Amino acid sequence: MPEVMSETEKLYKSLRENYDSYMESEKRKRQLIELQEARFAKLKLEQERRKSSSASNNGSLNFELSKTEEESLSKKIRSLSSSSLSSAEAQHLSNLPNYPSLPVFDESLETPKLPNNINGNSIESQPAQRTIETIPSVSSIVPLHNSVLAPPTNGTSSIFADIPVVPSLPQKPPIAVPATPILPKKPITTAKKELFHKTVNFTEGGSPLRTIFLPAQLIDRFLLIAKRNTRKKLETCGILCGKLNRNAFFITHLVIPEQDNTPNTCTTKNEEKLFDVIDNLDLFVLGWIHTHPTQSCFLSSVDLHTQNSYQIMLNEAIAIVCSPDDKFTKNLGIFRLTDPPGVPTITNCSLTGFHPHPNDKDLYGECHRQSGDVKSGHVVIKNELPFEVKDLRS
Ligand SMILES: [Zn+2]
Ligand SMILES: [Zn+2]
């Protein structure tokens with residue numbers, strides 16, 4: 001009898017722990033969402049102030065984040081955590097093939113304009129007139145779908161004033177973290193018309209998907225970093241971060257978080273470090289990349305849930321899956337959940353671990369742009385785009 005009790009107690013304890021950790025992760029998600037909302041509110045204000053500034057020919061801008069707001073945002077960031085990254089797989093592998101196998105699409109019509117530099121100087125933040133507390137609290141991740149707008153992020157202001165009717169309002173805020181504001185370096189009167197990346201892709205539900213420029217070399221670099229794990233048949237994951245510039249996202253940083261790796265999962269840990277980097281460099285989180293050392297290239301059910309949490313933060317967020325083993329015909333996939341049905345289905349699924357989803361095939365798809373067909377996807381793989389690697393494991 002005591003043994004039975006002890007088993008029951010063990011079970012209870014384990015359930016309790018799972019429940020606590022679930023609640024903790026839900027809490028962090030909510031905090032992150034509030035943070036995003038706050039940041040977008042700031043950026044919206046900045047945009048409006050620039051517009052009025054521009055109209056009155058008043059060139060200089062001087063935004064300051066109040067000490068309290070800054071501290072409050074900073075504090076929030078410290079308490080954030082990202083969801084764990086994992087996926088299912090199990091087989092063999094020992095070395096890496098050449099990568100990537102996707103065509104590099106050279107989009108002559110859309111010359112990318114890069115952020116001024118990738119260290120964080122090209123996107124300035126703006127003071128929040130609303131504090132986090134004034135933002136309605138989000139009871140679940142679903143309402144995010146109906147919120148907020150996208151800011152301009154270059155140092156000049158004329159884009160929005162001069163460019164006629166370019167839809168640039170996404171429906172969800174990016175998973176970016178507010179950072180200490182970097183003030184515009186030159187007066188807006190010097191601003192001239194600059195190329196604006198027109199949004200040409202949309203979700204299944206009609207929401208705009210701004211173009212993401214992905215440096216082709218980033219994938220090779222990630223595979224090199226992952227190589228040691230891959231040889232041991234362990235997964236590796238990285239976070240794709242970048243800048244929003246002239247209505248397009250540029251992946252400028254590959255951040256390798258501290259992580260626990262198994263043959264079929266990769267779980268981030270010590271996320272504070274990760275958030276510090278994102279915060280300090282004023283980056284948006286644009287998606288994630290991970291290896292399937294022993295499995296083919298697809299999104300597992302756990303991957304779908306992970307990707308959903310990214311996509312809820314940012315419509316455009318992507319999941320890159322690398323299956324380096326030559327025995328797989330497909331070595332690289334750049335995916336997003338369909339929306340609908342992918343995002344609502346996964347958002348409403350309360351199962352954890354590996355589990356089947358109905359109509360699995362409809363829940364996600366490839367989203368890299370095929371040469372010659374701008375409608376085919378919002379991710380443009382480009383050679384020679386600069387990026388940096390931040391390996392937080394060392
Ligand atoms: Zn996976
Ligand atoms: Zn599910």
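Reader: What makes E4 and E5 a hairpin, and what is particular about Arg246 in the turn?

Author: In this predicted model, strand E4 (residues 237-245) and E5 pair in the antiparallel sense over seven bridges, and two residues lie between them. As for Arg246 in the turn, its phi is positive, at about 50°.

Reader: Why is strand E5 (residues 248-256) called mostly covered?

Author: A residue is buried if 20 or more other C-beta atoms lie within 10 Å of its own, and nine of the nine residues of E5 are buried. The strand is therefore described as mostly covered.

Reader: What makes H6 largely enclosed by the rest of the structure?

Author: The reasoning uses the count of buried residues: 13 of the 13 residues of H6 are buried, so the helix is largely enclosed by the rest of the structure. Helix H6 (residues 301-313) reaches 19 Å from its first C-alpha to its last, which is close to the 18 Å expected at 1.5 Å a residue.

Reader: How do you know that the buried residues of H5 are on the same side?

Author: In helix H5 (residues 271-280), the buried residues include Glu271, Leu274, Phe275, Ile278 and Asp279. They cover an arc of only 130° around the axis, which puts them on the same side of H5. An α-helix has 3.6 residues a turn, so residues three or four places apart point the same way. After H5 comes Asp282, whose phi is positive, near 60°.

Reader: Where does pLDDT stay under 50, and how many contacts beyond four places in sequence does the model have there?

Author: Over residues 72-112 pLDDT stays under 50, and the model has 112 such contacts for them; over residues 186-191 pLDDT also stays under 50, with 15 such contacts. Where pLDDT is low, the predicted coordinates should not be read in detail. The chain averages a pLDDT of 72, and 56% of the residues score at least 70.

Definitions and conventions
Residues are numbered from 1 along each chain as its sequence is written. Chains are lettered from A and ligands numbered from 1 in the order in which they are written. This is a predicted model: local features need pLDDT of at least 70, side-chain atom pairs count only at pLDDT 80 or more; totals for chains, interfaces and linings use all residues. A residue is buried if 20 or more other C-beta atoms lie within 10 Å of its own, exposed if 12 or fewer, and partly exposed in between; C-beta atoms are placed from the backbone. Helices (H or I, at least four residues) and strands (E, at least two) are DSSP runs, numbered from the N terminus. Two strands pair if DSSP finds at least two bridges between them. pLDDT is the predictor's confidence in each residue, from 0 to 100. Two residues are in contact if their C-beta atoms, placed from the backbone, lie within 7 Å. The expected span of a helix is 1.5 Å times one less than its number of residues. The arc is that of the directions from the helix axis to the C-beta atoms.
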